[in-house]
Amino acid sequence: MTTAFTLPDVVTSDAALRRFLHGLPGVDQVGVQDRVAGLATRSIKRDAKLTALDLAISMTDLTTLEGADTPGKVRALCAKAVRPDPSDDSAPAAAAVCVYPDMVGVAAEHTAGTSVKVASVATAFPSGRASLDVKLADTKDAVAAGADEIDMVIDRGAFLAGRYGAVAEEIVATKEACGDAHLKVILETGELATLDNVRRASWLAILAGADFIKTSTGKIAPAATRPVVLVMLEAVRDAEALTQRRIGVKAAGGIRDAKESIRYLVLVNEIAGPEWLTPDLFRFGASSLLNDLLMQRDKQRTGAYAGPDYYTID
Amino acid sequence: MTSTWEYAPAPESRDVVDLRSEYGLFIDGDFVEPHGGGTFKTVNPATEEVLAAVGEADAEDVDRAVAAARRAQTEVWGPMSDAERAKYLYRLARVIQERARELAVLETLDNGKPIKESRDVDVPTAAAHYFSYAGWADKLAHAGFGSDPQPLGVAGQIIPWNFPFLMAAWKVAPALATGNTCVLKPAETTPLSALLLAEILQQIDLPPGVVNIVTGAGGTGQALVEHPGLDKIAFTGSTSVGKQIQRALAGRPTKLTLELGGKAANVIFDDAALDQAVEGIVNGIFFNQGHVCCAGSRLLVQESVLEPVMDRLKRRLGTLRIGDPLDKNTDLGAINSAEQLARITELTDSGDAQGAQRWQPECQLPDRGYWFAPTVFTGVSQSHRIAREEIFGPVLSVLTFRTPDEAVTKANNTPYGLSAGVWTEKGSRILWTAERLRAGVVWANTFNRFDPTSPFGGYQESGFGREGGRHGLAPYLAT
């Protein structure tokens with residue numbers, strides 16, 4: 001591994017890893033829900049709202065992960081990511097486009113020379129049910145085609161069976177296969193079910209070398225929820241204190257409107273801290289969210305809503 | 001991209017409140033001039049702005065109010081069918097919901113508490129209380145007090161300034177549901193929401209005299225306590241005034257319930273869910289600026305987790321937003337009065353003098369008004385005044401323990417006994433601890449949670465009698 005932060009004694013053995021993960025303080029679900037509900041009442045107005053909307057646009061990983069994806073579809077997505085609002089070049093670009101590995105080449109071509117990164121899901125996304133060799137080949141394939149970021153899935157089966165070492169090994173191996181590409185580790189929290197599991201999986205991914213921890217594939221309901229993201233933000237906050245390294249968080253799936261995205265930004269601001277309010281450390285994995293952000297942005301700047309026909313559908 | 005994100009001011013509008021410059025007393029269904037013509041001013045503690053002049057009731061006014069209440073009880077409210085009384089209470093609860101924003105803004109103006117609390121706690125919890133007791137009104141025969149429980153008659157009710165509208169609900173709802181009438185005296189620093197309640201009582205056509213509201217300071221309260229025409233007195237406030245009332249009632253048949261002070265222990269075991277426990281600590285002592293009789297003012301932390309708990313707590317307190325109570329993003333509002341601020345200051349100074357370590361987050365307090373920064377004292381011993389006396393402000397005293405037995409011993413080592421909190425992920429430890437804690441309410445993995453169906457009240461110097469739920473009916477019934 002290229003990083004120097006790991007706690008070697010923790011990740012060396014399955015038993016040590018289990019001791020560490022099960023030694024973390026528990027998570028009280030009712031308390032988390034109360035905290036999330038309390039922060040949802042934050043009233044974000046005027047300049048604060050405009051800042052938030054631009055921030056959210058700049059944090060968006062514009063995503064298409066369909067069996068029906070074509071080069072044409074990906075090209076359109078890239079154009080949208082580079083210039084989300086054709087009528088207003090003050091609107092920031094999205095953070096990245098997120099596609100399947102075979103579409104990475106197309107995406108790289110159409111985002112070349114821009115700030116927009118290419119993210120690729122890999123490791124037998126979304127189920128992750130393949131051999132490690134296949135997963136690593138999938139990853140290397142995407143990196144070779146020009147992916148800047150890899151969104152891998154953890155082996156939820158292994159996690160739920162308590163084989164934490166196996167989960168960690170796959171993350172370590174994938175991180176190696178990434179080379180210079182950033183690694184986002186998808187926990188698929190909808191399948192982990194409990195917030196205690198979310199906290200353990202977050203730490204497991206962080207210790208194994210993740211650059212980002214990500215909630216969901218978007219293929220399982222529930223996808224991102226605010227209680228889950230709160231627990232993940234607590235994990236990266238606490239990990240910084242322990243390792244002096246800031247890990248990012250990506251909330252993916254189910255975030256469709258600007259208001260909801262601002263509620264997430266409040267969580268980022270007040271749980272992890274304002275240092276995390278950057279696309280380098282927080283992302284939204286979304287598709288339809290972007291147009292609502294653009295529409296609310298215009299409303300905030302002009303005082304009037306334009307109709308949906310004024311925003312591009314890609 | 002910028003990494004600073006300041007929340008823009010988001011003040012709730014004052015326009016929903018129709019503030020009058022003067023208020024009279026509410027007696028026999030009408031607002032009337034006080035007999036002596038005296039008034040006092042109520043101010044916004046966040047700005048020191050005078051909000052209104054309010055009538056000061058003297059013994060003559062109190063006598064008029066008690067007479068009106070007696071007449072209403074014997075002629076109208078007592079003979080009325082249970083189901084009819086319930087209808088009035090349901091109507092009251094609904095109108096409170098309809099006028100919730102107005103009530104919340106007025107409460108925040110007069111009290112200094114953040115609008116998010118008056119809006120999300122005080123007013124909805126008050127409405128819930130009226131709804132809950134409306135439901136009891138026609139079921140008294142099945143509540144366990146015999147087949148035909150009778151009201152006591154007329155109740156004198158004295159309420160504090162920390163939750164003015166909610167405490168009025170705690171008093172008025174059970175009294176009315178059981179067929180009593182009442183004379184309510186709000187605190188002198190926060191009379192306005194009770195006077196808006198009076199307007200709402202007019203709006204719902206509550207028969208005159210069923211609820212009378214006499215505003216004033218200690219003298220008014222004393223006149224009420226000394227009035228021989230009362231069948232019951234219910235008081236919520238300080239332990240010292242509670243003792244005076246009990247002395248005044250000695251030898252009289254008047255029934256009494258007292259809900260007084262507290263010095264609650266919030267016990268954090270080493271296996272607690274620490275992040276949520278920290279939220280519980282914050283909610284326990286900084287909710288309503290710590291102006292809460294059941295506040296978790298003594299933090300008892302197992303020594304083995306003191307450091308992570310304090311680290312998290314300090315980080316969390318750095319995010320508290322202090323200032324304009326009408327701003328929807330404000331977490332901590334103003335201290336209710338100059339007098340209370342002086343008391344908090346005096347007690348915290350004693351903490352410094354006795355050797356505890358004071359910590360406060362960096363925060364900017366407004367220039368005008370009464371303010372006190374959130375404060376944590378570490379290195380506190382049981383023998384320090386700040387561990388013994390009720391501060392009634394945003395001040396937390398942190399103590400440690402080594403074993404569950406020691407936690408219980410320290411928690412119970414207080415003349416008070418209103419509430420306590422237990423934080424552990426172990427269910428058996430919750431039960432073990434809760435059955436040993438001498439407190440009227442024990443919260444497990446939460447704090448300051450109020451429900452109209454749950455009885456509330458204390459041990460020892462925290463008072464006696466229960467309010468809320470089925471138990472809250474008993475003090476108003478001749479059983």
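**A helix and an interface**

Guide: In α2(B), the buried residues are Arg85(B), Ala86(B), Tyr88(B), Leu89(B), Leu92(B), Ala93(B) and Ile96(B). A residue is buried if 20 or more other C-beta atoms lie within 10 Å of its own, exposed if 12 or fewer, and partly exposed in between, with C-beta atoms placed from the backbone. Helices (H or I, at least four residues) are DSSP runs, numbered from the N terminus. This is a predicted model, in which local features need pLDDT of at least 70, side-chain atom pairs count only at pLDDT 80 or more, and totals for chains, interfaces and linings use all residues. Residues are numbered from 1 along each chain as its sequence is written, while chains are lettered from A and ligands numbered from 1 in the order in which they are written.

Visitor: Which helix gives the most to the side of chain A that touches chain B?

Guide: In total, 28 residues of chain A are in contact (C-beta atoms, placed from the backbone, within 7 Å) with 23 residues of chain B. On that side of chain A, α3 (29-39), α4 (46-58) and α13 (258-272) each supply at least two residues. With 7 residues, the helix that gives the most is α4(A).

Conventions:
Contact = placed C-beta atoms within 7 Å.
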